[in-house]
Amino acid sequence: MKRLRGSDVMNLDQTRRHFFSRCSMGLGSIALGSMMAGTKGLASSTSSGARKPHYAPKAKNVIFLFMAGGPSQLELFDYKPRLTELHGQPIPQSYLEGKRFAFMDSSHGVKLLGSKPTFKQHGQSGAWVSDLLPFTAGVADELCFVKSCAADLFNHAPAKLFMNTGSGQFGRPSMGSWVTYGLGSEADDLPGFVVLQSGPRGPRGGAVNWASGFLPTTYQGVPLRGVGEPILNLSSPKNISHADQRVAIDAIRDLNLARLVETGDAEIQTRINAYEMAYRMQTSAPELIDLQGESKATLDLYGVDPSQPSFARNCLLARRLVERGSRFVQLYHTNWDSHGGPGETLEDDFPKRCREVDQGCAALVRDLKARGLLEDTLVIWGGEFGRTPMGENRAKTGRNHHIDAFTMWFAGGGVRPGMTLGASDELGFNAVENRAHVHDIHATILHLLGMDHEQFTFRFQGRDFRLTDVYGRVMHQMLL
């Protein structure tokens, strides 16, 4: 893939503006056709704009199951019998030297907290999974567990931003935006980057987690509601006919084209694309969320009530989206923040979160595989960080934020199934084998999509930016 530099884009825009300003050949239709064809070089968000990757990809699509709030790896995947043996004892001071935590007053001087769930090994791979995730345990041989993940930021909003954009600073493009910018989308009438949300509230940080940053806004994530009107304000008023709406959109398009010819502003092109996409989505979006065509066996597999919003329903919608060509689908489910306060206890609330997502996650993997989609769809499960081996000084049991060792799992899309990569120490505090930093995770995801993370850049404010900043290595051990 050859990246267009600023001078190339300027010359392209100048040539196009000159042509349209000098030739009277039906400006509206010709300009629109040329513009849409021309976006092949600028990675359009439609199928006509899909670009070639650097090399043959293993994955074509991504579904990121984002557990917002930081799920505790010590209650789910990272079995630590030694931690249980030392329950109630102070953590050695050597672990805490130079460390900072999100809530210093409730985390210093606290004791080690053993894990209460029961762990067993599952499948031929012998992967450790707790009894809180029985459905996930059933697909353990399809998953690659990475138990040595590490991040840089320990507060929710900046940590989510870091996991999604590779930076804790506002204004950087999200991973979904990078991917759709680089590869385009195969969906003609749905966005290339779609966001689905569930849980008691939205993720901290909100829309910046799926924003396009300095990339054209056509690549930002589009939040899609699972029930009701899929996108607010998408439908036309009842007294406006389809034909009348087409006339209005064409008139707006021509006005925007005239301004585009005059200024060459790429955001005007984005605006035109948005109008056209919204027009097509008036039909495609309601069809997407209508599950009447799904069999009872499929609905039962996911545990979905078609009339009710849920994480499991969003998992099914994610499968339907990648079937229809969407490139990057991200599901956010809250609230995994388990400090021990009201609504955030490990005893009561954490098992509820597990029940809300377990069946849907496993069903998605099974369903994709049964339909032949798992081979080129990369499924990712994880949050912005993990939890500490120590408890917290709260009313009930909880753990603090922890960035030095947490677990994520991956499936499909060229990832080696039935594998565990990396390890933390006997207390689950530090990654001690095959440390997988967020930049390494991003580099590996782009690699699976056929993108060289060091060459995949965008020039902005005088420098070349990339998702992995100036870091990152591909974790080849976990790849087929």
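Student: Is Ser424 buried or exposed?

Tutor: Good place to begin, and keep in mind that this is a predicted model. Ser424 counts as buried, because its relative accessibility is 7% and the cut-off for buried is under 20%.

Student: Where does Ser424 sit in the fold?

Tutor: Ser424 belongs to strand 13, which covers residues 423–424.

Student: Which side chains make polar contacts with the side chain of Ser424?

Tutor: Asp78 is one of them, with a polar contact of 2.7 Å between the two side chains. The side chain of Lys80 is another, and there the polar contact is 3.1 Å.

Student: What else does Ser424 touch?

Tutor: Setting aside residues up to four places away in sequence, Ser424 touches Asp78, Lys80, Lys147, Ala405, Asn430, Ala431 and Val432.

Student: Let's zoom out. How many helices and strands are in the protein chain?

Tutor: The protein chain has 14 helices and 17 strands. It runs to 480 residues, and 55% of them are buried.

Student: What about the surface of the protein chain?

Tutor: The accessible surface is about 19700 Å², and carbon and sulfur atoms account for 52% of that.

Student: And what share of the contacts join residues at least 24 apart?

Tutor: That share is 79%, taken among contacts between residues at least 6 apart in sequence.

Student: Now helices. How do the axes of helix 7 and helix 14 cross?

Tutor: Helix 7 (residues 156–165) and helix 14 (residues 438–448) have axes that come within 9 Å and cross at roughly 30°. The two helices are therefore roughly parallel to each other, since angles under 35 degrees fall in that class.

Student: Which residues meet there?

Tutor: From helix 7 you have Phe162, Met163 and Thr165, and from helix 14 their partners are Val438, His439 and His442. Sorted by class, this contact has three nonpolar residues, three polar residues and no charged ones.

Student: How many residues of helix 14 are buried?

Tutor: Ten of the eleven residues in helix 14 are buried, so the helix is mostly covered. The buried set is Val438, His439, Asp440, Ile441, His442, Ala443, Thr444, Ile445, Leu446 and Leu448.

Student: What covers them?

Tutor: The cover includes helix 7, helix 8 (175–183), strand 4 (143–150), strand 8 (377–382), strand 11 (406–411) and strand 15 (436–437).

Student: Let's switch to backbone geometry. Which residues does a cis peptide bond join?

Tutor: Thr334 and Asn335 are joined by a cis peptide bond, with omega of about 5°. Asn335 is in the loop between strand 7 (328–333) and helix 13 (349–370). Most residues other than glycine have a negative phi, and most peptide bonds are trans.

Student: So which phi value does Gln461 have?

Tutor: Gln461 has a positive phi of about 55° although it is not a glycine. Gln461 sits in the loop between strand 16 (458–460) and strand 17 (463–465), and it is exposed, with a relative accessible area of 69%.

Student: And what about Asp469?

Tutor: Asp469 also is not a glycine and has a positive phi of about 55°. Asp469 falls in the segment after strand 17 and is partly exposed, at 25% relative accessible area.

Notes:
Residues numbered from 1 in each chain as written. Predicted model: local features only at pLDDT ≥ 70, side-chain atom pairs only at ≥ 80, totals over all residues. Heavy atoms only, no water. Axes fitted to C-alpha atoms, helices over the stretch in contact; angles between N-to-C directions. Helix = DSSP H or I, 4+ residues; strand = E, 2+ residues; numbered from the N terminus. Parallel < 35°, antiparallel > 145°, perpendicular 65-115°, else oblique. Contact = heavy atoms within 4.5 Å. Nonpolar A, V, L, I, M, F, W, Y, C, P; charged D, E, K, R; others polar. Buried < 20%, exposed > 50% of the residue type's maximum accessible area, 1.4 Å probe, protein only. Polar contact = N/O pair within 3.5 Å; in protein donor to acceptor, adjacent residues only side chain to side chain. Areas by Shrake-Rupley, 256 points an atom, 1.4 Å probe, with all protein chains shown as cover.
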